[in-house]
Amino acid sequence: MANDRTQYFVGASYMKNEGIIKGVDFRRMGLRLRLDQRLADWAKFSAGLNYTNSFSNEKPNGNVFYSPINSVTITNNIYDITQRDGGGNLLAVEPTRVNPLTTVEAMQFTQAVNRTVTDFQLNLTPLNGLSVDWIVGVDNFSQLGKNYIPPYPYQATAGLPPERYPDGFAANANNNVTQLNTDLNIGYEKDLTKDLKITALAGLQYQFYQSDFTRASGLNTAPFIETVSGTSSTTVTAGYGLDRYNLSGVFGQLTFGYKNIAFLTGAVRRDRSSKFSNTETNQLYPKLSGSLVLSDLDFWKNSTLNDFWDGFKLRASFGEAGNLTGIGSYSRFWQFNPAPFLGRGTLVPGSTLANPSVRPERMSELEFGADLSFLKNRVGITFTGYNQQIKDLVVNRELAPSTGGTAIINNVGTMENKGIELGINVMAVKKKILMLTLG
């Protein structure tokens, strides 16, 4: 819906899918809002919100002892998996195996997700040729998973080992994640002369990520209680994990264009990542590219080449980039893990040593090629050659225990990737279609 200065949109959705296994399903509800507001002839504001709620009933998969599809195929077919005792409980099948119907009827694996994605945009054109765009986006979601395996009524007969959780199992895990992105881009275009045009672009980017993960599990569940609180207190384990990092960068780019025939672009970018030390993270990455459309030159248009050869473009580029997320957020630190000792909490050093000197991997690539078209653009040929060099590869290097640890994150080695790509497009038939509409 809209008027001359305001546009808005509201939408809702609902979906439900049944799985191929009894008791397996997925449902999702969503709400979407969008507002575009013209503040002035040179200013526009827009904002959006997208909310999604989903819930799924699942079953274990990928493990031959629990997956209802896998386990039914490996269970000897001399057993009737549908047999029950006088109380209606399923009976055991072959020793040490779980009855596949127990997975379908009794095990509960659920996952609930709430996710909200919002964005804010401000677009300004205060001067002729000048544009300013500011974009902010936030992605926030929480994910809750629950597992429950009740005690097996046929444990005495089947003799299930501990890894099948014969006396029951319960667990829950919760993950809360927030991601923030913001971009500010400033562009300017100007005709220096009749034939020469300049385009400038500058901006900055910032990203922030955080997650908090908690989990708890326990064995030996009490009757009719399907949560961790119903398990034996001596078997309960819990854990917590967090992750925080941010990325930022500033860049500038300048492009010269001559008659839409020749283009030359130069750019430089400076990036940083909190995953690396301050002495290593700030890196400069240059870029240079150019192209020339030979088929748009006057001598080409006036020659007999134009009767057969429609387009001929040459291009080349060189650039560098870095892998700012190539290591974990805390991999450069020497990490300590909590451990009980004589009834007290202590810290045990990890086996991976600290390395504040680790730096981002650096990739440089040289690319060149040509784009050709023939026979009124019915045949197109694209050729590209490239050479990619990567240095300072980040690897988990193994160490001798005598060094005080067994591994360290380090920059070791280089890698090269080079090749040629050739593409051919052919339009065999090209016809006009006449359509007549009666009304």
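**View 1. Tyr-154 is buried in this predicted model.** Its relative accessibility is 4%, and it counts as buried because that term means under 20% relative accessible area, with exposed meaning over 50% and partly exposed in between (1.4 Å probe, protein chains only). Not counting residues up to four places away in sequence, Tyr-154 touches Leu-90, Leu-91, Ala-92, Arg-97, Val-98, Asn-99, Thr-102 and Leu-160, where contact means heavy atoms within 4.5 Å. Tyr-154 is also listed among the residues with the most contacts inside the largest nonpolar core, along with Tyr-66, Val-98, Met-107, Ile-149, Tyr-152 and Leu-160. That core has 13 residues; a nonpolar core is a set of buried Ala, Val, Leu, Ile, Met, Phe, Trp, Tyr and Cys residues joined through side-chain atoms within 4.5 Å.

A word on how to read these views: residues are numbered from 1 along each chain as its sequence is written. In this predicted model, local features need pLDDT of at least 70, side-chain atom pairs count only at pLDDT 80 or more, and totals for chains, interfaces and linings use all residues, while side-chain values use heavy atoms, with hydrogens and water left out.

**View 2. Thr-102 makes a side-chain polar contact with Tyr-154.** You will find Thr-102 in helix H2 (residues 100–105); helices (H or I, at least four residues) and strands (E, at least two) are DSSP runs, numbered from the N terminus. The two side chains are joined at 2.8 Å. A polar contact is a pair of N or O atoms within 3.5 Å; within protein, one must be able to donate a hydrogen and the other to accept it, and residues adjacent in sequence count only if both atoms are side-chain atoms. Thr-102 is buried too, at 8% relative accessibility. Leaving aside neighbours within four places in sequence, Thr-102 is in contact with Leu-90, Met-107, Tyr-152 and Tyr-154.

**View 3. Aromatic rings pair up in several places, 7 pairs in the whole structure.** Tyr-152 and Tyr-154 form a tilted pair, 5.8 Å centre to centre with 40° between the planes. Rings of Phe, Tyr and Trp (its six-membered ring) pair if their centres lie within 6.5 Å; planes under 30 degrees apart count as stacked, over 60 as edge-to-face and the rest as tilted. Tyr-152 is buried, at 5% relative accessible area. The rings of Tyr-209 and Tyr-245 are stacked, because their centres are 5.2 Å apart and their planes are at 25°. Tyr-209 lies in strand S7 (residues 196–219) and Tyr-245 in strand S8 (residues 237–258), so this pair ties together parts that are 36 residues apart in sequence. The charged end of Lys-275 sits over the ring of Tyr-245, 4.2 Å from its centre; this requires NZ of Lys or CZ of Arg within 6 Å of the ring centre and within 35 degrees of the ring normal.

**View 4. Strands S16 and S19 pair in the antiparallel sense.** Strand S16 (residues 379–391) and S19 share 12 bridges; two strands pair if DSSP finds at least two bridges between them. Gln-389 stands opposite Glu-416 in S19. Strand S19 (residues 415–426) is hardly covered, with 0 buried residues among its 12. Thr-382, in strand S16, is partly exposed at 31% relative accessible area. Its C-alpha atom is separated by 6.5 Å from that of Ile-424, 42 residues apart along the chain.
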